[in-house]
Amino acid sequence: MSGPASGPAGAVAGVREARPDALADWDDRTVRAPGGHVQQSLAWGEHRARTGWCAHHLELDDGSAVLALGRPWPLLGGGRLYVPKGPVAAGVAAPVVADRLSAVAAWARAAGYDTILADAEIPAVTGYRMALAARGFRPVEEVGPSRHRVATPIPAGADEDALLAGIATTTRQLILAAERRGMRIVRHDTAVTAPGAGFEAPASEHPDEAATTAFGRFHRLLGATGERRGFAIGPLAAAAAWWRAALAAGHLALLEARSADDTYLGAAIFYRNGERLTYAHSGDVVELRRAQPGASRLLLWRALQLAAGEG
């Protein structure tokens, strides 16, 4: 949604730049909160700042927090302010989130911006779109690519046998057959000290080097997928810089599928945000699908186990 950076702020009046000492719990308020998102994290702000954006860490009078990224218009003066995947709902009603965005828009005008864009991931059934329209915002073309989203709810204390039984028979058989053939899942994840049941740690004694190499493999895999499906991906340096930052912050897990003889079969990246595990990117080695079926299914099954185990 986009709107002019002006107008009344609604119920949440005060917006200010956060002091450095107020950032200690930033990710708790913007990433780990209900509806949180990794693109509202400290790591994402730092990453975008390295690519030319001005990262504004904003605090509102109601205690909420919003990461906003600013960039001036070339030659024209003014600029645009982008609120990536925010403001996050953090458990409040849609009109409250809309009031927060209106407050940020008023702050943006005072800061010299003339346009604000936001794309919070809030279900349409909450009335968020109508709440924004009532405050002067209008739909625009999506900032990122359009994606269809589906979700699997995981009951508290979910039993793995029950979760597996809930998977379609053909998919379940592929998962079990892959396990019988000795297919393994290597886990790159700084949020844990041990890989956990069903996972293996990287073979290298140097986790940072292992992750950097793994991200390089994964980027090449995405490039091959893009060539097949007709889309382009960005350069390795930019992608890997963000992946490494997210990994270091504990927001990201990279899972790699390998055969019993250690052949690389595919991989997937998952983000921890907003009380959910988000399946972000994946790819597999097409030439090995027939000889090693089930790699992508086993990756997703392990991710489901990971999510259930983390609650």
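Mentor: Contact here means heavy atoms within 4.5 Å. Helices (H or I, at least four residues) and strands (E, at least two) are DSSP runs, numbered from the N terminus. The model is predicted: local features need pLDDT of at least 70, side-chain atom pairs count only at pLDDT 80 or more, and totals for chains, interfaces and linings use all residues. Residues are numbered from 1 along each chain as its sequence is written, and side-chain values use heavy atoms, leaving out hydrogens and water.

Trainee: Which are the edge strands of the open sheet?

Mentor: The sheet has 4 strands in the order 7-8-9-10, with antiparallel pairing (pairing takes at least two DSSP bridges). Each edge strand pairs on one side only, and that picks out strand 7 (184-188) and strand 10 (276-284).

Trainee: At what angle does helix 7 run to strand 9?

Mentor: Helix 7 lies across strands 7, 8, 9 and 10. Angles run from 0 to 180 degrees between N-to-C directions, along lines fitted to C-alpha atoms, for helices over the stretch in contact. Against strand 9 (264-273), helix 7 runs at about 105°.

Trainee: How many nonpolar residues does the contact of helix 7 with helix 8 have?

Mentor: The two axes come within 10 Å and cross at roughly 130°. Among the contact residues are F215 and L222 of helix 7, and W243 and R244 of helix 8. By class there are 3 polar and 1 charged, and the nonpolar count (Ala, Val, Leu, Ile, Met, Phe, Trp, Tyr, Cys and Pro) is 8.
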